[in-house]
Amino acid sequence: MKLNKLQKSDFHFLDASLVGNNSFILNKSEPYKRGAIWYNNLIRVKDGFEITFSFKVAEGVYAGRDDGSYPGADGFALVMQTNSNNTIGVVAG
């Protein structure tokens, strides 16, 4: 399976959005935000699979700390599951 042009209807967005033809925004660069995007179609993984993607982390929230660090826990996970496309992690702070 290869997705060259993403179709919004192929995904379920939880506090996230599709931007253009090939990009997602998981959440805005504000404290205590979270987001999730689930692909709506089952993918057969029994015989293995290959996935390639790129990501960009931008616009961190500066809290005025002397060391210039950002607050909270920033990151993302690639999750494969079949329980629900309404699953979303807890807000990091």
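Student: Why is Phe-24 called partly exposed?
Tutor: Its relative accessibility in this predicted model is 32%. Buried requires under 20% and exposed requires over 50%, so at 32% Phe-24 counts as partly exposed.

Student: What makes Phe-13 and Phe-24 an aromatic pair, and why is the pair called tilted?
Tutor: The ring centres of Phe-13 and Phe-24 are 5.8 Å apart, and the limit for a pair is 6.5 Å.

Student: What does the pair of Phe-13 and Phe-24 tie together?
Tutor: Phe-13 belongs to strand β1 and Phe-24 to strand β3, so the pair ties together parts that are 11 residues apart in sequence.

Student: How do you know whether Phe-13 is buried or exposed?
Tutor: The relative accessibility of Phe-13 is 18%. The cut-off for buried is under 20%, so Phe-13 counts as buried.

Student: How many aromatic pairs does the structure hold?
Tutor: There are four aromatic pairs. One of them joins Phe-11 and Phe-24, with 5.0 Å from centre to centre and 70° between the planes.

Student: Why is the pair of Phe-11 and Phe-24 called edge-to-face?
Tutor: The class requires planes over 60 degrees apart, and the angle here is 70°, so the pair of Phe-11 and Phe-24 is edge-to-face. Phe-11 is in strand β1 (residues 11-14) and Phe-24 is in strand β3 (residues 23-25), and the pair links distant parts of the chain, 13 residues apart. At 12% relative accessibility Phe-11 counts as buried, because the cut-off is under 20%.

Student: Which residues form a cluster through ring pairs?
Tutor: The cluster consists of Phe-11, Phe-13, Phe-24 and Tyr-39.

Student: Which sense of pairing do β1 and β4 have, and how do you know that they pair?
Tutor: The sense is antiparallel, over four bridges. Two strands pair if there are at least two bridges between them, so the four bridges of β1 and β4 meet the criterion. Within this pairing, Phe-13 stands opposite Ile-37 in β4.

Student: Which residues of β4 are on its covered face, and which on the uncovered one?
Tutor: Ala-36 and Trp-38 are on the covered face, while Ile-37 and Tyr-39 are on the uncovered one. In a regular strand the side chains alternate between the two faces of the sheet.

Student: What pattern does the protein follow along the sequence?
Tutor: The pattern is β-β-β-β, with four strands and zero helices.

Student: What makes the phi of Asp-15 worth a remark?
Tutor: Most residues other than glycine have a negative phi. Asp-15 is not a glycine, yet its phi is positive, at about 55°. Asp-15 sits in the loop between β1 and β2 (17-19). Its relative accessible area is 55%, and exposed means over 50%, so Asp-15 is exposed.

Student: Why is Lys-8 called exposed?
Tutor: Lys-8 has 56% relative accessibility against a cut-off of over 50%, so Lys-8 counts as exposed. The residue lies in the segment before β1. Beyond its neighbours within four places in sequence, Lys-8 is in contact with Phe-13 and Leu-18.

Student: Which residues does Met-80 contact, leaving aside its neighbours within four places in sequence?
Tutor: Met-80 is in contact with Val-45 and Phe-49. Met-80 is found in the segment after β4 (36-39), and Val-45 also lies in the segment after β4.

Student: What share of the residues counts as buried?
Tutor: Of the 93 residues, 9% count as buried. The accessible surface comes to about 7900 Å², and 49% of this surface belongs to carbon and sulfur atoms.

Methods: Residues numbered from 1 in each chain as written. Predicted model: local features only at pLDDT ≥ 70, side-chain atom pairs only at ≥ 80, totals over all residues. Heavy atoms only, no water. Phe/Tyr/Trp six-rings, centres within 6.5 Å; stacked < 30°, edge-to-face > 60°. Helix = DSSP H or I, 4+ residues; strand = E, 2+ residues; numbered from the N terminus. Buried < 20%, exposed > 50% of the residue type's maximum accessible area, 1.4 Å probe, protein only. Areas by Shrake-Rupley, 256 points an atom, 1.4 Å probe, with all protein chains shown as cover. Contact = heavy atoms within 4.5 Å.
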